[in-house]
Structures are given as structure tokens and as C-alpha cells.
Amino acid sequence: MSEESPAHEPPPERATDADAWATACAEDLAAEQARRRAEHGPPPGSAAEELKKLVDAVADKLSDLRSPLLGGLAGPAAQQMVRQAVQQAKAAVEPVIERNPDVFDHLAAAGGELLAAYRSAVQGQERRWTERTSDPAGDRPDRGEGGAGAGPGERIDLD
């Protein structure tokens, strides 16, 4: 009687994520970012990348520019000189951008800080201007009870 009893095998383990909440949040974030990219386009890059794009765009526009001042006489020669100047400017700017990309991020942040400080100062001044009464002369302490004829000086009794 060698009846074999079936071996008791544990149920197959379900593949579980150690942190399902973090995974779900990451998936939701990725979906939201994809939706925003589709709606608004790609987000702007770093300040260095944006400066590179600006230099390239300006260079392209200047290279394609036809000078109405020079007319048809010096057209090709002037256009070649403009292209050469643009290429020299790009050759000077691009290595600086590539070597120091963090500098441009810091400069962009500093510019934002300066703009915020200026805006705060202007708003404070505007608030002071609008809080004044309609008669700024009525607030002066030199206006005594002497009426309209009273000057800023003190009344002296000569008797």
C-alpha cells in the first residue's frame, strides 16, 4: 500500500509591489505630465538651452535678412558678411553656454528675484500714492488754525 498522499503545495505567491501607493502615484504623475505636454507643448528647458535656442533663432533670422538699405548692388556680399558675423558670434557664445550651463540658471533665478523686488517696491509706492487724501496740504503740520492767510511761520505778538 504505497498510496502517495498529495503533497501540500503552498498557493502560488501573487506578485505584489512593495509600495503600491508610490507606484500608483508615479503612474498618475506620468499620465498628468503627458496630458500637460500634449495640451501645452514641451516644458521649457534650462536657461542655457533656451539661450542656445534664442541665439540659433536670431542667427537664422539675421542670415535670412535682406538689407533694403544696400539694395541689389552689395546684396550677396553684404549677406555673406552678415552670415560670417553671425557664425563668429555663435562660435564665441556656444562654448561659454556649454561650459557654464548652471550659471545661466542662476542668472535667470537672480533676474526673477530682481523683478520680484522691483514689483514689490513699485506696488508699495503705488499703495502710498493711493492712500493719500485728496488734499495733501491738509496733512501738513505747518497749517495752523490761522486759516487761509496763515503762513508757515509762528505768530509773534509785538505789543
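Reader: Is E94 buried, partly exposed or exposed, and what is its relative accessible area?

Author: In this predicted model, E94 is partly exposed, because its relative accessible area is 25%, and partly exposed covers the range between under 20% for buried and over 50% for exposed.

Reader: Which helix is E94 found in?

Author: E94 belongs to helix α3, which covers residues 75-99.

Reader: And how far apart are E94 and A48, in sequence and in space?

Author: E94 and A48 are separated by 46 residues in sequence, and their C-alpha atoms lie 9.5 Å apart in space.

Reader: What about K90: which helix is it in, and is it buried or exposed?

Author: K90 is also found in helix α3. K90 counts as buried because its relative accessibility is 17%, and the cut-off for buried is under 20%.

Reader: Which residues is K90 in contact with, leaving aside neighbours within four places in sequence?

Author: With those neighbours set aside, K90 has contacts with V55, D56, A59 and P95.

Reader: Changing topic, how many helices and strands does the protein have?

Author: The protein has four helices and zero strands. Along the sequence, the pattern reads α-α-α-α.

Reader: What can you tell me about helix α1?

Author: Helix α1 runs over residues 20-40, which makes 21 residues. From first C-alpha to last, α1 reaches 30 Å, close to the 30 Å expected at 1.5 Å a residue.

Reader: How do α2 and α4 pack?

Author: Helix α2, residues 47-64, packs with helix α4, residues 101-131, at an angle of about 95 degrees, and the two axes are 7 Å apart. The two helices are therefore roughly perpendicular to each other, since an angle of 65 to 115 degrees counts as such.

Reader: Which residues make that contact?

Author: From α2, the contact involves A47, A48 and L51, while α4 contributes P101, F104, D105 and A108. Six residues of this contact are nonpolar, none is polar and one is charged.

Reader: Back to the whole protein: what share of its residues count as buried?

Author: Of its 159 residues, 7% count as buried. The accessible surface comes to about 14,300 Å², and carbon and sulfur atoms account for 57% of that surface.

Reader: What share of the contacts comes from residues 24 or more positions apart?

Author: Among contacts with a separation of 6 or more, 53% join residues 24 or more positions apart.

Terms used. Residues numbered from 1 in each chain as written. Predicted model: local features only at pLDDT ≥ 70, side-chain atom pairs only at ≥ 80, totals over all residues. Heavy atoms only, no water. Buried < 20%, exposed > 50% of the residue type's maximum accessible area, 1.4 Å probe, protein only. Contact = heavy atoms within 4.5 Å. Areas by Shrake-Rupley, 256 points an atom, 1.4 Å probe, with all protein chains shown as cover. Expected span 1.5 Å × (residues − 1). Axes fitted to C-alpha atoms, helices over the stretch in contact; angles between N-to-C directions. Parallel < 35°, antiparallel > 145°, perpendicular 65-115°, else oblique. Nonpolar A, V, L, I, M, F, W, Y, C, P; charged D, E, K, R; others polar.
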